[in-house]
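Please open the model in a viewer and keep the selection panel at hand. The tour begins at a ligand and then moves to a neighbouring element.

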Amino acid sequence: MGALKSMSDSHRLLRSLREIMAGGALSPQEKLNQIVSLIAHDMKADTCSVYIQRGGSELELFAGYGLNSDALHRTFIRVGKGVIGDVVENARPLALSDIRSHPRFYVEPKIGEEDLRSFLGTPLARGGRVIGALAIQNKFNRLFSHNDIEILQTVSMVLAEMIVAGKIIKSDELRLSNSQGDMPSMHLRGVALNTGMAKGRAVLHQPHIAIRKLVSEDSERELHRLFEAIAKMRASLKTMFSESDLSQDPESKEVLETYQLFAQDRGWLNRIQKAIESGLTAEAAIGKTLTSLRFRIAQTKDSYFRDRLWDFEDLANRLLKLLVGNDNQENPFQEEGVIVVARSMGPAELLDYEKSGIRGLILEEGLHTAHVSIIARALRIPVISRIPDILTKVEYGDTILLDSTRAKVILQPNEEETDLFDERQQKLVEHKSKRASLYSLPSISKDNVAVSLTLNAGSPIDLAHLKYNTFEGVGLYRSEIPFMMESSFPDEKAQERIYKEVFDQAEGKPVTFRTLDIGGDKLLPYMRKPDDENPILGWRAIRIGLDRPFLLRQQMRAILMASQGRPFNLMFPMIACAGEFWQAKKLLLKEIKRAQNKHDLSFAIKVGAMVEVPSFAWELDQLMPHLDFVSIGSNDLFQFFYAVDRTNIHLVDRYDPLSVPFLTFLKRLIDLAKLHKTQINLCGEMAGSPLDAAVLLGLGLRSLSLSPYRIDCIKHTIRSLDISQIERFVSQLLVKKTGNIRQLLHSYAVDHHILLEEY
Ligand code: PEP
Ligand code: MG
């Protein structure tokens, strides 16, 4: 009922909005004034305001119903300041029944906001960039409903499109321009996702696809257009992938198949469908869905979701092109080669460019695990990512030197820089031709030590990699991932279905389920964000599970029922003291007993704990005999060891896991487990980094759990390694040295021909 009401509300509002925009005699400002008045009346608000970010970091008040009209175009608010600045900075809606309770609350003088009590603001966003905010306010403590937020988001989407299309403000005024005549060469640093060197001219990926028609006259027709476009898109993807040479390469094939699976994903198609039903055209509905998906993803720093987002984005852009018709751009730099510069990209788009002579790729955002990186590696296209704001620095047609062996980009190079580059590139080509591929060989070191490799997984797509014998099983099943994909908390039956699929896909290979690890940087979109001052140190993981035992028991019950007696491993995240482990285990034993009595099942379960909090390591002497296994969560362990927020970009290189204190700590854990004959593995990112993995084996570890996409390079490292030799070297370093020893370890690896290549 609520949803239907929201649909008719937004239909009405959107229709009126369209009528205002069609009013030819009015100036853009007059139209905007009418729009804010319309929104305020329709949504029963006392005020409605529009802020637009024009050419800098300040937000300008462009329209304000119910506010002091003298303040228009004279009020400027810094991004991040006040509640409006908060909406823009965090790129997400903010609903406050008491605006004064917000830590960023302040009253901007002379606007006339003094009496206002409640606030609902949504970002004006297009293409992942926030260009302003739309807000309504009331003089009483209004509790805004989910429907209110949805409606304001839909209106914001339409308004943002109008702004970008130049209907409210000249579109070039929105851009943070850098074209100040002749530019000297510019050196930029990033992170290499695929090594190599390339020279070419800049082509900016996805020039804006203008969505001209936003409000629909006939939702049925729009749905029909959507389904037609989807069918066309699927057919063209299928043809493209079957024609691509990559279908021979097992890893790429996997990615392309996965990608096609995404194209069928009901979740995001449903969301587009709902947006059409709320009164948008098919193309506007795609735009809106993409924007709100980004808001959700922006709340989590989880790399898994970011990577999947690029796939969704790629598909959405394909659909947009099919609907709006902008699909055949010529490449004018065919001769010289092109370097594509993008905020992000999906794998199919890369294949499109491959046909038109792409030589290199620069991304503002992107990780090793992104599908586009995997395809780029298979196509031998060098990729550099995480160059902030590259799209505002580069112009179409600029000459670019891309050197991802040094994680560096030079824009508009001079002659000397170009000559040096050519020389280095020649040397690199000679070196690469000597390297042969060693795929699918066993993970045994040069001195015949076997290393067990298991998979880190969170979705059926990751689990599909189990079909390669390389992986002995799942070392870490991140059970929160399917929860993050849902739009409401999955009940016991829904969870059971998810876990049953995991067991089925594993086909008897051992699976280690980790109980819910939510909180910190992993938020569920439908759960209230805890008001922790320090979320990373806050109410998260097992702490939530023990305080809300119903959630934990429900999950245990679902896993037990899904197993139907098949063996599995269960571990608890973020255990800080032995008592927490015992409490969690007690709940498990209760659930096992219950399931045995009720369903006459018997179970074979190994129970373990993650070592992620240093304090726990100091109780392991006593606890080890009672644990079936321990798993080192090095991501969190390192974060708490050095008190360094793992998501803070300013601290990325400050401390190093390859340092005497951290490695000594890990060695103690590994030795302790050996002493008690308790199985131990490591499932953090260290396991997927060649040098770190070599050093872990040098510390005595023999089991690593890693992302499917890291398997290739890690296996190369293992097979080129003499484990007993590196064990001796690492032991010596730990007694003789202090501080960071990465350089020494790296030199050792180079001297001993250990393969450390990042593919
Ligand atoms: C870890 O902390 O190392 C770990 C594997 O868990 P997550 O990355 O999911 O926090
Ligand atoms: Mg962790």
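A polar contact is a pair of N or O atoms within 3.5 Å. The model shown here is predicted.

Select ligand 1 first, together with the residues around it. The shell holds 14 residues, and the closest are Arg478, Arg514, Lys522, Asn635 and Arg646. Sorted by class, the shell comprises seven charged, four polar and three nonpolar residues.

Next, display the polar contacts of ligand 1. At Asn635, a backbone N or O atom lies 2.8 Å from an oxygen atom of the ligand. At Arg514, a side-chain N or O atom is 2.8 Å from an oxygen atom of ligand 1. At Glu612, a polar side-chain atom lies 2.8 Å from a ligand oxygen atom.

With three residues, α23 gives the most.

Select α23 now. Its buried residues are Ser634, Asn635, Asp636, Leu637, Phe638, Gln639 and Phe640. Because seven of its eight residues are buried, α23 is largely enclosed by the rest of the structure.

Finally, step just past the end of α23 to Ala643, where phi is positive, at about 50 degrees.

Technical notes. Residues numbered from 1 in each chain as written. Chains lettered and ligands numbered in written order. Predicted model: local features only at pLDDT ≥ 70, side-chain atom pairs only at ≥ 80, totals over all residues. Heavy atoms only, no water. Near = heavy atom within 4 Å. Polar contact = N/O pair within 3.5 Å; in protein donor to acceptor, adjacent residues only side chain to side chain. Helix = DSSP H or I, 4+ residues; strand = E, 2+ residues; numbered from the N terminus. Nonpolar A, V, L, I, M, F, W, Y, C, P; charged D, E, K, R; others polar. Buried < 20%, exposed > 50% of the residue type's maximum accessible area, 1.4 Å probe, protein only.
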